[in-house]
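Student: Please take me through this structure, beginning with the terms that you will rely on.

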Amino acid sequence: MFAMILALGSCKSPMTMTKEESALINDSPEVMRILTIDSDADLAVLRRSSTDFNAADLCSAEYAKLAGKLVTTLQNTDGGVGLAAPQVGINRRVVAVQRVDKEGEPIEVYANIAIVETRGEMLPGPEGCLSVPDERGDVARYQDITIRYTETDSGNSEQTREIREDVSGFAAVIFQHEVDHLDGVLYIDKTL
């Protein structure tokens, strides 16, 4: 696994989160409701493309609360290994992923995530989704990718930093599934 810091940003710009997003984050329980394809209103949110956070958003209490709730919600699922913000009603580019490739398999949160490189051939494998209850299907995914994401700089709470990281194996499959959610794509769109 390789990670590289690319750039720094300042937390002093105005926030871009809407009042509706802040209200949903602040007013929802710690375990948020997961949207499903069984509801037309939920499906409309799941099919929408997500937008990035700016640096001020990432340094806000609302973002910290959302990140915590994504982790708690994922921990309270039956076998889920990833959760994207659209699945809880927030169309922003942030995911929580169980890092099955790291010791202890921690759940980590990735803001403004994108897959910037894929390597090798795509291989089929079984997938399911918390937003598509009681279904599974085979999807072809790359086994080796590079992700780019933004995090707050732990050494300076007034800055964010952009990071690139190489991910492989099942963890790469999880990231691809979750990033698809951010683009309004469900795994059932890609089943073989």
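Tutor: Helices (H or I, at least four residues) and strands (E, at least two) are DSSP runs, numbered from the N terminus. The model is predicted, with local features needing pLDDT of at least 70 and side-chain atom pairs counting only at pLDDT 80 or more, while totals for chains, interfaces and linings use all residues. Residues are numbered from 1 along each chain as its sequence is written, and side-chain values use heavy atoms, with hydrogens and water left out.

Student: How many residues of H5 are buried?

Tutor: Twelve of the 13 are buried, and H5 is thus mostly covered. Buried means under 20% relative accessible area, exposed over 50%, and partly exposed in between (1.4 Å probe, protein chains only). The buried residues of H5 include Ala172, Phe175, His177, Asp180 and Leu182.

Student: What do they pack against?

Tutor: The partners of the buried H5 residues are H2, S2, S3, S4, S5 and strand S6 (159-168). Contact here means heavy atoms within 4.5 Å.

Student: Turning to the largest nonpolar core, which members touch the most others?

Tutor: This core has 18 residues, and Phe53, Tyr63, Leu66, Leu70 and Val94 touch the most other members. A nonpolar core is a set of buried Ala, Val, Leu, Ile, Met, Phe, Trp, Tyr and Cys residues joined through side-chain atoms within 4.5 Å. At least two residues of this core come from each of helix H4 (61-75) and strand S3 (94-98). H4 gives the largest share, five residues.

Student: What does valine 94 contact?

Tutor: Beyond neighbours within four places in sequence, valine 94 is in contact with residues including Phe53, Tyr63, Leu66, Leu70, Val109 and Leu182. Another core, of 16 residues, lies apart from the largest one, with Ala84, Ile145, Ala172 and Leu182 among them.

Student: Back to H4. Which of its residues are buried?

Tutor: Glu62, Tyr63, Leu66, Ala67, Lys69, Leu70, Val71, Thr73 and Leu74 are buried in H4. Their cover includes helix H1 (19-27), helix H3 (55-58), strand S2 (82-84), S3 and strand S4 (107-129). H4 has 15 residues and reaches 21 Å from its first C-alpha to its last, close to the 21 Å expected at 1.5 Å a residue.

Student: How do H1 and H4 cross?

Tutor: The axes of H1 and H4 come within 9 Å and cross at roughly 50°. Axes are lines fitted to C-alpha atoms, for helices over the stretch in contact, and angles run from 0 to 180 degrees between N-to-C directions. H1 and H4 are therefore oblique to each other. Angles under 35 degrees count as roughly parallel, over 145 as roughly antiparallel, 65 to 115 as roughly perpendicular and the rest as oblique. Ser22, Ile25 and Asn26 of H1 meet Glu62, Lys65, Leu66 and Lys69 of H4.

Student: New topic: where is isoleucine 147 found?

Tutor: Isoleucine 147 belongs to strand S5 (residues 132-152). Isoleucine 147 counts as buried because its relative accessibility is 0%. Leaving aside neighbours within four places in sequence, its contacts include Tyr110, Ile113, Val116, Ile163, Val167 and Phe175.

Student: What about aspartate 134, buried or exposed?

Tutor: Aspartate 134 is also found in strand S5, but at 84% relative accessibility aspartate 134 counts as exposed. Its phi is near 60°, a positive value in a residue other than glycine.

Student: What is the phi of glutamate 105?

Tutor: Phi of glutamate 105 is near 45°, positive in a residue other than glycine. Glutamate 105 lies in the loop between S3 and S4 and is partly exposed, with a relative accessible area of 38%.

Student: Finally, where is the place of serine 50?

Tutor: Serine 50 sits in the loop between helix H2 (40-46) and H3. At 10% relative accessibility, serine 50 counts as buried. Not counting residues up to four places away in sequence, serine 50 touches Pro86, Asn91, Arg92, Arg93 and Leu182.

Conventions: The expected span of a helix is 1.5 Å times one less than its number of residues.
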